[in-house]
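Subject: Structure handover

Hi,

Here is the structure for your files. My notes on it follow below.

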Amino acid sequence: MPSLSEAFRAHPVHLHHNHKHPDLSTLQELPDSYAWTQLDDHPHTYPSNSSRGESVPVIDLNDPNAPKLIGHACKTWGVFQVVNHGIPLTLFTDIQRLALTLFSLPFHQKLKAARSPDGVSGYGRARISSFFPKLMWSECFTIVESPLEHFLQLWRQDYAKYCDIVVKYEEAMEKLAGKLMRLVLASMDISKEDLKWAGPRGEFNGASAALHLNSYPSCPDPDRAMGLAPHTDSTLLTILHQNNVSGLQVLREGKGWVAVPPLPGGLVINVGDLLHILSNGLYPSVLHRVLVNRTRQRCSVAYLYGPPTNVKICPHEKLVGPTRPALYRAVTWNEYLGTKAKHFNKALSSVKLCTSINN
C-alpha cells in the first residue's frame, strides 16, 4: 500500500510562478503578482452575524442528537464547528505556538526546510497555487509522516520538543477524526460494520492524514489580496483549528460567502470530496477561502483526514437505489489526488457517472 507521501509525490503540482519564495513580512506594498482583481466572485458576501441568520452550525459533541445535527449541517452547509470534542486546550496552545515560532523564523532559516519540487512535506506555498494566475498572501508548512528531518533543519537544539507536540496533536486529531466519522456515518444510517475499512470497533486504523500549518501575515492591501483561493479539499474530513483572527469563509449556496468566526476552543469541520463521493452527493464538499488582515497575522492548523490510500471510495450501497443511482465511480485517495492535481475544482465532475433513471 503506498503511503500518503508517496501518493502526493506521484501526483506533483508544478508551480508556474517564479519559484523564488518572497519574504512577505518585508513587503510594504502589494506586488502586482499578489493583486487579485475580483475577490467577490459571488454576488453577496454576508458576515456570520448577518440579519439573515447565516451562521455556520455549532455542534456540541456531548449532545445526544449530535449525529442528526451533524447530518443536517453536512447536507445544508458542508461545514460545522464542534465544541466539547475532548481535545485539551493546552494542545491547541502548543500547536499554535509551534506554528508562530516556525513562521517567525528568519526567512533564510525557513528555506532550509523548503519543500522539494516533487515533494509534499516542508515549507512552501499552498499546493493549489498553480491553478491561479495570482499568488496567495500566505505560507504553509506541510507534515506528512514524521517532521523530524525538517525540524532538525529548523531547530538543531529544540527539534525534539516540537516533534513531540506534532505527535501528540496528530494522535488527538486521529482519535477525534474517527469519532467524527462514526457520527457522520450514523447520520446516514451507516454502521461501522457496513464499512469494511472502519475496522471491527470503528477505530479506522490505517486511515491516512496530513497536517498543514498555515500563516497569513498582515497585509498592506488586504482588500486586493487573497490568503487562500477558493477550493474544496480532497479529504473525507478536514479538521481546522484557527487562532483568534478571522478570515475563513465558506460558500453558502444561493447566499454567497459566509464568515466562519474563530470559536474559543472550537474546531471547524468541513466535508471533503471523498465524503461527497461516499455519501453519493448527499453531503457536498464545501468551497472555502481565506481572506487576510491589515494588522494581524492569522494562523491555522488543518488536519487532512482520509481513508487508507488503497481503499476504494464509492457511493455507499445504502445510499444507492432505483430513484438515486450511484453518481460517482469508485476511486482511491491516491487516484483522486491525481485527478485533483489535473482538474482541481472540477475533479468531482471528472469522476461523475453518466446516469439515467428509468421511470
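In the protein chain, 77% of the contacts with a separation of 6 or more are between residues 24 or more positions apart; contact means heavy atoms within 4.5 Å. This is a predicted model, where local features need pLDDT of at least 70, side-chain atom pairs count only at pLDDT 80 or more, and totals for chains, interfaces and linings use all residues. Residues are numbered from 1 along each chain as its sequence is written, and side-chain values use heavy atoms, with hydrogens and water left out.

Overall make-up: the protein chain has nine helices and 13 strands. These are DSSP runs numbered from the N terminus (helices H or I, at least four residues; strands E, at least two). Of the 359 residues in the chain, 54% are buried. Buried means under 20% relative accessible area, with a 1.4 Å probe and protein chains only. The chain exposes about 16,400 Å², and carbon and sulfur atoms supply 51% of that. Areas come from the Shrake-Rupley method with a 1.4 Å probe; for residues, only the protein chains shown count as cover.

Next, the cores. A nonpolar core is a set of buried Ala, Val, Leu, Ile, Met, Phe, Trp, Tyr and Cys residues joined through side-chain atoms within 4.5 Å. The largest has 74 residues, and F141 and F151 touch the most other members. Helix 6 (residues 159–187) gives this core its largest share, 14 residues. A second, separate core has 32 residues, including C219, A225, L240 and L304. Leaving out residues up to four places away in sequence, F141 touches F151 and L154, among others. Its partners also include L102, F103, Y123 and L213.

Helix 8 (residues 333–343) deserves a look. Eight of its eleven residues are buried, so the helix is largely enclosed by the rest of the structure. Among them are W333, Y336, L337 and K340. F344 follows helix 8 and has a positive phi, near 55 degrees.

Now W257. It sits in strand 10 (residues 256–259). W257 is buried, with a relative accessible area of 0%. Its C-alpha atom is separated by 8.3 Å from that of H288, 31 residues apart along the chain.

Last, the cysteines. How many disulfides does a search of the whole structure find? The search finds zero, a disulfide being a pair of cysteine sulfur atoms within 2.5 Å. C140 is buried at 6% relative accessible area. C219 is buried at 1%.

Best wishes

Definitions and conventions
Buried means under 20% relative accessible area, exposed over 50%, partly exposed in between (1.4 Å probe, protein chains only).
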